Amino acid sequence: ITCNDASMEASDIQDAEYGTLDLTFKLRALKANPTMERIYTITYTATDIAGNNKSVSATVTVPHDHSGDK
């Protein structure tokens with residue numbers, strides 16, 4: 001799991017068990033810059049018995065703050 005926000009801390013990703021098929025974990029939605037989106041990229045890689053690898057990724061986007069928009 002990676003994040004585009006340089007201010008991200010290790011505690012922003014909780015309960016993720018790397019190296020397993022972990023489908024339940026927590027991602028922090030707080031951003032240092034309210035005008036920027038925070039984007040997490042979650043990547044899973046599977047390897048078959050022949051050693052072939054396949055990776056897939058999904059993203060989770062925390063949108064920028066629209067509370068002051070009119």
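Contacts (heavy atoms within 4.5 Å) with a separation of 6 or more come, for 44%, from residues 24 or more positions apart in the protein chain. This is a predicted model, where local features need pLDDT of at least 70, side-chain atom pairs count only at pLDDT 80 or more, and totals for chains, interfaces and linings use all residues. Residues are numbered from 1 along each chain as its sequence is written, and side-chain values use heavy atoms, leaving out hydrogens and water.

The protein chain has five strands and zero helices. Strands are DSSP runs of E, at least two residues; helices are runs of H or I, at least four; numbering starts at the N terminus. The radius of gyration, over C-alpha atoms, is 15 Å, well over the 11 Å that the globule rule gives for 70 residues, so the chain is more spread out than a compact globule. That rule is 2.2 Å times the number of residues to the power 0.38. Along the principal axes, the C-alpha atoms fill a box of roughly 55 × 20 × 20 Å. Of the 70 residues, 13% count as buried, meaning under 20% relative accessible area with a 1.4 Å probe, protein chains only.

Now the sheet. Three strands form an open sheet in the order S1-S4-S5, with antiparallel pairing. Pairing takes at least two DSSP bridges between two strands. Strand S1 (2-3) and strand S5 (53-62) are the edges, each pairing on one side only. Strand S4 (residues 38-47) runs antiparallel to S5, and ten bridges join them. Tyr40 has Val60 in S5 as its bridge partner.

Terms used. Buried means under 20% relative accessible area, exposed over 50%, partly exposed in between (1.4 Å probe, protein chains only).
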